[in-house]
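Hello,

Here is the structure you were waiting for. Please open it first, then read my notes below.

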Amino acid sequence: MKRINYLFLMSLLLVSVWAYPQLKSRETVFYEDQYKNLQIGYSKTTSIVFPYPIKSIDKGSADVLVQKAKGVENILLVKAARQYFFQTNLTVVTSDAKLYVFVLNYNEDCPDLNIKAQNAAAASKDVLFTLENENQKKIEQSASLALSKKIKTSGLKKAKFQIKLEVSGIFIHEDVLYLRVVFENKSKISYDIDQLRFFIRDQRKSKRTASQEIEIQPLYCTSSIAVIPDKSEVVKVFALEKFTIPDNKLLTLQLLEKNGGRHLEANVKKNLADKVIPLP
C-alpha cells in the first residue's frame, strides 16, 4: 500500500514538473501578444515611431528617460537613465484614440534601436479625449475627402516667378475648415518650401496706424512634401480651426521659399462663406 502511494505521489510530481513550464510558456506567449517587449540601453537611444501624433506619455519608473523627438509629434525617444534597472513599462496614447503599452527591459548589448509601433498591438481602442482635443483621425479623413473632391473654387490664386499659389477649394466639417492649396512650379528650378503661413490681416495698411496680423496655425496637413520639383504641381489640404473674415480684413496665404526669394502671397476676401463647401 505504501509503495502504491509512493508511486502515485511520484507520478503526480512528474506531471506537475512537466505541466509548469507549459503553463508558463502559454502565459509568456499571452503576455508578449498583449504587450510589446522592448530592450533598451544606457548608452543608446531607442526610437519608437507611431502612426499618429503622441497625445500622452507615462513611464513606470524614473530609471527610464523618454521624450518626443524635436520637431515631430509621432516619434518617441527612449533610453535607460541607469544601468541594470528593474523591468518597467511605458504607456503611450496617440491621437487616433489608441493606447500602446510597452514592457521595457535593460539590455546594453542588443537594444531595439528603431521600432514601429503599428507592429505592436494596441492594448485599447476606446480612448476618449477631452472636448478641447480634436480627434486627429477624423480630421485626417475629412482632409483626404477634401483632397479628392472634384469641386473647384476659382479666382483665389497668385502667380509670380513662374510659381503659382492657388486655393482650389474651401470645405468645412464639424467646425474645421479645409483649404485645398495647389503649388505649381513652371520654372526649371525646384522650389523648396520653407513654410506656408496663414494670416488674418488688414485689407489696407494705413501709414499712420499699425497693421494688425493674426496668424492661424494649421491643425493638420495632408502632405509633408517640402519640395515642388521643376515643371510640376503639388496639392495639399490644410485643416484650420473655423474662423470668419471681418470687414476690411483678408485671409492671406504667405508662401516662403527656403534659401531663396521667390515668395508669394494669395488673399481670400470677406466672401469666404460664399465659397465654402460642406463635407458629408
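**Aromatic pairs**

There are six aromatic pairs in this structure, which is a predicted model. Take F50 and F102. Their ring centres are 6.1 Å apart and the planes stand at 80°, so this pair is edge-to-face. The angle decides the label, because planes over 60 degrees apart count as edge-to-face.

The pair also links distant parts of the chain. F50 sits in the loop between β2 (46–49) and β3 (54–59). F102 belongs to strand β7 (residues 98–106). Are F50 and F102 buried or exposed? Both are buried.

One more ring deserves a look. R201 lies over the face of F199, and the distance to the ring centre is 5.3 Å.

**The open sheet**

Next, a sheet of four strands. The sheet is open, its order is β4-β5-β2-β8, and the pairing is mixed. Which strands stand at the edges? They are β4 (64–68) and β8 (114–116). Each has a single partner strand, so one side of each is left without a neighbour in the sheet. On average, neighbouring strands here are turned by 20° against each other, direction ignored.

Inside the sheet, look at β2 and strand β5 (residues 75–80). They pair in the antiparallel sense, over four bridges. I48 stands opposite L76 in β5.

**Two nonpolar cores**

In soluble globular proteins, nonpolar side chains tend to be buried together. Here, the largest nonpolar core has 28 residues. Which residues have the most contacts inside this core? L179, L251 and L253 do.

β12 gives the most, with five residues.

Leaving out residues up to four places away in sequence, L251 touches L179, F198, F199, I200, I216, F243, I245, A266, N267 and V268. Note F199 in that list: R201 lies over the face of this ring.

There is also a second, separate core, with 18 residues. F50, A80, V92 and Y100 are among them.

Best wishes

Conventions:
Residues numbered from 1 in each chain as written. Predicted model: local features only at pLDDT ≥ 70, side-chain atom pairs only at ≥ 80, totals over all residues. Heavy atoms only, no water. Phe/Tyr/Trp six-rings, centres within 6.5 Å; stacked < 30°, edge-to-face > 60°. Helix = DSSP H or I, 4+ residues; strand = E, 2+ residues; numbered from the N terminus. Buried < 20%, exposed > 50% of the residue type's maximum accessible area, 1.4 Å probe, protein only. Lys NZ or Arg CZ within 6 Å of the ring centre and 35° of its normal. Pairing = 2+ DSSP bridges. Axes fitted to C-alpha atoms, helices over the stretch in contact; angles between N-to-C directions. Core = buried A, V, L, I, M, F, W, Y, C linked by side-chain atoms within 4.5 Å. Contact = heavy atoms within 4.5 Å.
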